[in-house]
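Open the model in your viewer and keep the selection tool at hand. We will go from stop to stop, and each stop says what to select.

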Amino acid sequence: SESSGYPPGPIDYQTLMDMEYLDAAINESLRLYPIVNRLERVAKASVEINNLLIPKDMVVMVPVWPLHRNPEIWPEPEKFKPERFTKGNKETIDPYTYMPFGMGPRNCIGMRFALVSMKLVMTKILQRFSFSVCNETEVRLQMLTFQLCFILTVKVRPWCDGSLMNET
Ligand code: HEM
């Protein structure tokens with residue numbers, strides 16, 4: 001309902017930025033399926049944090065995937081709930097518990113470009129097609145071993161004059 005509807009109209013930057021629920025849905029997808037599932041840094045000097053000594057040159061791994069699914073941080077962590085990222089809720093998120101684009105001075109330089117591209121692609125697709133679950137849809141996606149990808153089977157129907165065509 002956030003897209004400009006049928007027939008597909010032009011989409012400008014501001015229209016994309018105003019789509020708050022799409023933004024929340026993309027954020028929630030990146031929480032459940034972060035493309036980079038762990039971050040790494042090398043200590044330039046020895047440092048003690050919370051009584052833990054990190055010696056110089058040690059590689060420190062930040063476990064993004066487990067952080068994104070920690071039930072103490074995200075109630076019902078396996079559930080897809082974009083509302084976690086809508087106004088009123090997103091402000092309460094500790095940025096060190098949600099890091100799909102990394103953190104600090106070496107975080108992803110393509111973050112804004114990636115987000116706006118995803119929103120544009122989603123809007124263009126949803127203006128033209130409707131997606132719904134079918135018997136073959138696996139509600140909980142299983143990652144294919146060693147391939148870092150998922151297969152999602154859904155029913156796709158094109159929009160025509162504002163109503164759905166029957167072909168699937
Ligand atoms: C959904 C899409 C993307 C995701 C989830 C993503 C995620 C990440 C993550 C997690 C890092 C490591 C950050 C860190 O260590 O703190 C990173 C680094 C980086 N990303 Fe992305 N990225 C995406 C798209 C892009 C795009 C579109 C570009 C370029 C146009 C890009 C360019 C880079 C570069 C150059 C770095 C290295 C930055 C550095 O080491 O200083 N990324 N990205």
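Start with Asn50. Asn50 is exposed, at 75% relative accessible area; exposed means over 50%, buried under 20%, and partly exposed in between, with a 1.4 Å probe and protein chains only. Find this residue in the loop between β2 (47-49) and β3 (52-54). Check its backbone too: phi of Asn50 is near 50°, a positive value in a residue other than glycine.

Before moving on, a word on what you are viewing. This is a predicted model, where local features need pLDDT of at least 70 and side-chain atom pairs need 80 or more, while totals for chains, interfaces and linings use all residues. Residues are numbered from 1 along each chain as its sequence is written, and side-chain values use heavy atoms, with hydrogens and water left out.

**The whole chain**

Zoom out and switch to cartoon. You have four helices and seven strands. These are DSSP runs numbered from the N terminus: helices are H or I with at least four residues, strands are E with at least two. Trace the sequence and you will read α-α-β-β-β-β-α-α-β-β-β. The chain has 168 residues, and 23% of them count as buried.

**The iron atom**

Which residue is the protein donor? It is Cys108, whose SG sits at 2.3 Å and is the only protein donor of the iron. Donors here are N, O and S atoms within 2.8 Å of the metal (3.2 Å for Na, K and Ca); water is not among the atoms, so sites may look incomplete.

Stay on Cys108. Its place is the loop between α3 (64-68) and α4 (111-128). Cys108 is partly exposed, with a relative accessible area of 34%. An unreviewed UniProt entry covers Cys108 with the annotation "binding site"; such positions are given in the numbering used here, feature names are shortened, and annotations may be inferred rather than shown by experiment.

**Around the ligand**

Now pick out oxygen atoms of the ligand. One is 2.6 Å from an N or O atom in the side chain of Arg41. For Arg106, again in the side chain, the distance is 2.5 Å. At Met103, look at the backbone instead: a polar atom there is 3.1 Å from a ligand oxygen.

**Cysteines and loops**

Select Cys134. At 23% relative accessibility, Cys134 is partly exposed.

Go to Asn37, in the loop between α2 (20-32) and β1. Asn37 is partly exposed, at 26%.

Last stop: Glu76, in the loop between α3 and α4. Glu76 is partly exposed, at 40%. Its phi is positive, about 50°, although it is not a glycine. Most residues other than glycine have a negative phi.

Note on methods:
A polar contact is a pair of N or O atoms within 3.5 Å; within protein, one must be able to donate a hydrogen and the other to accept it, and residues adjacent in sequence count only if both atoms are side-chain atoms.
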